[in-house]
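Colleague: I am new to reading protein models. Could you take me through one, feature by feature?

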Amino acid sequence: MLSHTLFTRCALAPAFVLLAFARLAMAWPVYTTETVDMSNAVAGKATWFNVGLGACGYTDSNTDWIVALNIEQWESTPGPGAYCNRFLVVKNAQNGATAVAKVRDMCPGCAYGSLDMSPDLFKAISTGGLDEGVYPIQWSWLPTDYVPAGY
């Protein structure tokens, strides 16, 4: 009986170790190999919003990794809405976590450089989840023909 109990405990130990490491991995998200192009980086603040029908004309959900672009950049050359469906890479300036997101909306209350993010995107690169509310970011455009792998 003792050998069976010992075997069971030893057999379960790797599962517990894997779960512990999985939780640690989630604490340090790195969601892309893309990096912010610091020569063209834009600095701003990240906020989050409940997603729905966006200014680009698409209905997204809170789990989609999308952003609403600040109004000043939204209306800049080449014109209002021209950045719809364009990808960018965004980095949390506090913890260095990065992610790729798609422009699907416009944020009339956001200052230049700032992005309003879907809740899941905001949480993915934040240090404190949605309760954090706002954090500093740096971001840059990805090439116009960029499409993430598996997209």
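Modeller: Start with one residue. Leaving aside neighbours within four places in sequence, Asn 70 is in contact (heavy atoms within 4.5 Å) with Cys 107, Cys 110, Ala 111, Tyr 112, Gly 113 and Ser 114. Keep in mind that this is a predicted model: local features need pLDDT of at least 70, side-chain atom pairs count only at pLDDT 80 or more, and totals for chains, interfaces and linings use all residues. Residues are numbered from 1 along each chain as its sequence is written, and side-chain values use heavy atoms, with hydrogens and water left out.

Colleague: Is Asn 70 buried or exposed?

Modeller: First the scale. Buried means under 20% relative accessible area, exposed means over 50%, and partly exposed lies in between, with a 1.4 Å probe and protein chains only. Asn 70 has 0% relative accessibility, so Asn 70 counts as buried.

Colleague: With which side chain does the side chain of Asn 70 make a polar contact?

Modeller: A polar contact is a pair of N or O atoms within 3.5 Å; within protein, one must be able to donate a hydrogen and the other to accept it, and residues adjacent in sequence count only if both atoms are side-chain atoms. Here the partner is the side chain of Gln 73, at 2.4 Å.

Colleague: In which strand does Asn 70 lie?

Modeller: Strands are DSSP runs of E with at least two residues, helices are runs of H or I with at least four, and both are numbered from the N terminus. Asn 70 lies in strand S2. Five of the five residues of S2 (residues 66-70) are buried, so this strand is largely enclosed by the rest of the structure.

Colleague: How do I read strand pairing?

Modeller: Strands of a sheet pair through backbone hydrogen bonds, either parallel or antiparallel. Two strands pair if DSSP finds at least two bridges between them. S2 runs parallel to strand S4 (residues 98-107), joined by five bridges. In that pairing, Asn 70 has Cys 107 of S4 as its bridge partner. S2 also runs antiparallel to S5, with three bridges.

Colleague: Which strand runs parallel to S5?

Modeller: Strand S1 (residues 42-48) does; three bridges join S1 to S5 (residues 115-117). Trp 48 has Met 117 as its bridge partner in S5. S1 also pairs with strand S6 (residues 135-141), in the antiparallel sense, over five bridges.

Colleague: What do the six strands form together?

Modeller: They form a closed barrel, in the order S1-S5-S2-S4-S3-S6, with mixed pairing. The twist averages 45 degrees from one strand to the next. For such angles, axes are lines fitted to C-alpha atoms, for helices over the stretch in contact, and angles run from 0 to 180 degrees between N-to-C directions.

Colleague: Now the cysteines. How many disulfides are there?

Modeller: A disulfide is a covalent bond between the sulfur atoms of two cysteines. The test is a pair of cysteine sulfur atoms within 2.5 Å. By this rule there are two disulfides. Cys 56 and Cys 84 form one of them, with sulfur atoms 2.0 Å apart. This pair links distant parts of the chain: Cys 56 is in the loop between S1 and S2, Cys 84 is in the loop between H2 and S3, and they are 28 residues apart. Cys 56 is buried at 16% relative accessible area, whereas Cys 84 is partly exposed at 21%.

Colleague: Which cysteine forms a disulfide with Cys 107?

Modeller: Cys 110 does, and the sulfur atoms are 2.1 Å apart. Cys 107 is buried at 8% relative accessible area, and Cys 110 is buried at 11%.

Colleague: How do I read handedness?

Modeller: Look at the torsion about the S-S bond. For Cys 107 and Cys 110 it is about 75 degrees, so the disulfide is right-handed. The link of Cys 56 and Cys 84 has -90 degrees and is left-handed.

Colleague: Where is Asn 85 found?

Modeller: Asn 85 sits in the loop between helix H2 (71-74) and strand S3 (87-92). Its phi is near 70 degrees, a positive value in a residue other than glycine. Asn 85 is partly exposed, with a relative accessible area of 27%.
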